[in-house]
Amino acid sequence: MIDISALHKAFGPNRVLQGVDLTVESGTSTVIIGGSGTGKSVLLKCILGLVKPDSGTILLDGEDVAQAERDAFLAKFGMLFQGGALFDSMPVWQNVAFRLLRGSLKRPTTEAREIAVEKLRRVGLTPDVADKFPAELSGGMQKRVGLARAIAAEPQVIFFDEPTTGLDPIMAGVINELIREIVVEMGATAMTITHDMSSVRAIADRVAMLHGGVIRWEGPVAEMDSADDPYLSQFINGSPDGPIEAVR
Amino acid sequence: MTLTAPLAALGRSTLALLASIGRVAIYAAQLMRHMLTPPWYPRELLVQILQIGWLSLPVVGLTALFTGGALALQIYAGGSRFNAETVVPSIVAIGIARELGPVLGGLMVAGRVAAAIAAEIGTMKVTEQIDALVTLSTNPMKYLTVPRVLAATLTLPILVAVGDSIGIFGGYLVGTTRLGFNPANYLHNTADFLETWDVVSGLIKGAVFGFIVALMGCYHGMNSGRGARGVGKATTNAVVSASILILAANYLLTGLFFTS
């Protein structure tokens, strides 16, 4: 379980997070929605320790992440980055098996490669992709490789940062479906940030809307459409008129 | 207000300069700490030795060859004013080993390597690859910076040694083919007047310059701004700061080594 309370983070005068409270139950999939620049990525990066919050606490299974031993803590996480963030200096299989080739989870090279090929197959890629370099792959394939890398070490918690951005609607649908399947199959806790509503409906158990530095609305995805919150309604319907300013 | 404006601007830029010196110093201190504590990445170190050392050989070799040749011509022209043309071999050797080998080698490597490191790490930063490294339980300082700085510090003295030999050979070529020196005498003079310390001091300078080059490349890459413009700026800053620091460090080291 991830328990975030009173999280604040400012970059100079720009107060991005102004008291975020959010609980994500183990084994559930929570999607955080919100406009561009509302701090969705900052929130994920705070949990991972990539960005240091100004105040507030983040607990993972009751343990404060700021106090946790970094390696053991990070070993519980997998993350799919928006642009894939694949290491372009190494072939695909080494990207996927990165964690298995070094550090505390190190395995023999042949075993790591086998696991990488298996994970690639899981995300719908054939073994011949394994020896290609990321630059040789299409955007959709890079996303799949990123997904394979995120799940390679069987993490307890997986973060997805805008998993469908830059993909065509069909490829976006395929990635959404894959994410849903994998999360269910692994029993992992998933946190996704997106502003793609089709993603929300495909992936989420629960939805949280971040606006104005706080969680504006939070609830099950089924209640999202009937919720009585003008901010949420405007966002879901993509309407230019409403309480959220169109020019930010 | 208007009277104090120039003073305020001066103060601001002085403070900014001091702050960046402080940041580099903290970065270097962290680097040292990570260098001494595991995990280490020997494979990365080998790759960097190849990238930084081996692939810089042509650049450093050619620079040394032409510099040695030009130096021989200049010393011959200067020496002939007071009938001291015979000093050409020894002055070429001493000049190359003490100063020109390490400084020009360092500057050429700064252009090639500091730029490449800053551009690579800067691009990794911008495309979230550095964040990805962290989430994969790998410390970017240990995985990216330590191998590069170690590789440059270890290989630059070797590059300087090769450059010294090629530079002296450049002087020899010009001396024997254009200036009428007897080949055997030229070599004899070179060997007789060149002392071990002349060469060793140059190699020590090489190690210091290698450290500076990779440190600046990594520091500016890690602190790169967003987008192509940010990476471009980081690359420029890396080359400029590495070059200036090399020249400043060279002056300090020369003062330390050769004045009592």
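A:A116 touches A:W93, A:V96, A:A97, A:A130 and A:A152, leaving aside residues up to four places away in sequence. Contact here means that the C-beta atoms of two residues, placed from the backbone, lie within 7 Å. This is a predicted model, in which local features need pLDDT of at least 70 and side-chain atom pairs count only at pLDDT 80 or more, while totals for chains, interfaces and linings use all residues. Residues are numbered from 1 along each chain as its sequence is written, and chains are lettered from A and ligands numbered from 1 in the order in which they are written.

A:A116 is also one of the residues that touch the most other members of the largest nonpolar core, along with B:A114, B:I212, B:V213 and B:A242. That core holds 140 residues, and its largest share, 20 residues, comes from helix α4 (residues 88–126) of chain B. A nonpolar core is a set of buried Ala, Val, Leu, Ile, Met, Phe, Trp, Tyr and Cys residues joined through C-beta atoms within 7 Å. A residue is buried if 20 or more other C-beta atoms lie within 10 Å of its own, exposed if 12 or fewer, and partly exposed in between, with C-beta atoms placed from the backbone.

Helices (H or I, at least four residues) and strands (E, at least two) are DSSP runs numbered from the N terminus, and two strands pair if DSSP finds at least two bridges between them.

β1(A) and β2(A) form a hairpin with two residues between them, and A:G12 in the turn has a positive phi of about 60°. β6(A) is covered on both faces: A:F77 and A:M79 are buried on one side, A:G78 and A:L80 on the other.

Between the chains, 15 residues of chain A are in contact with 11 residues of chain B. On the chain A side, α2 (70–74) and β6 (77–80) each supply at least two residues. By class, this side has 10 nonpolar, two polar and three charged residues; Ala, Val, Leu, Ile, Met, Phe, Trp, Tyr, Cys and Pro count as nonpolar, Asp, Glu, Lys and Arg as charged, and the others, Gly among them, as polar.

Chain B has nine helices and zero strands. Its C-alpha trace spans about 65 × 60 × 35 Å along its principal axes. Of the 260 residues in chain B, 46% are buried. Among contacts in chain B with a separation of 6 or more, 87% join residues 24 or more positions apart.
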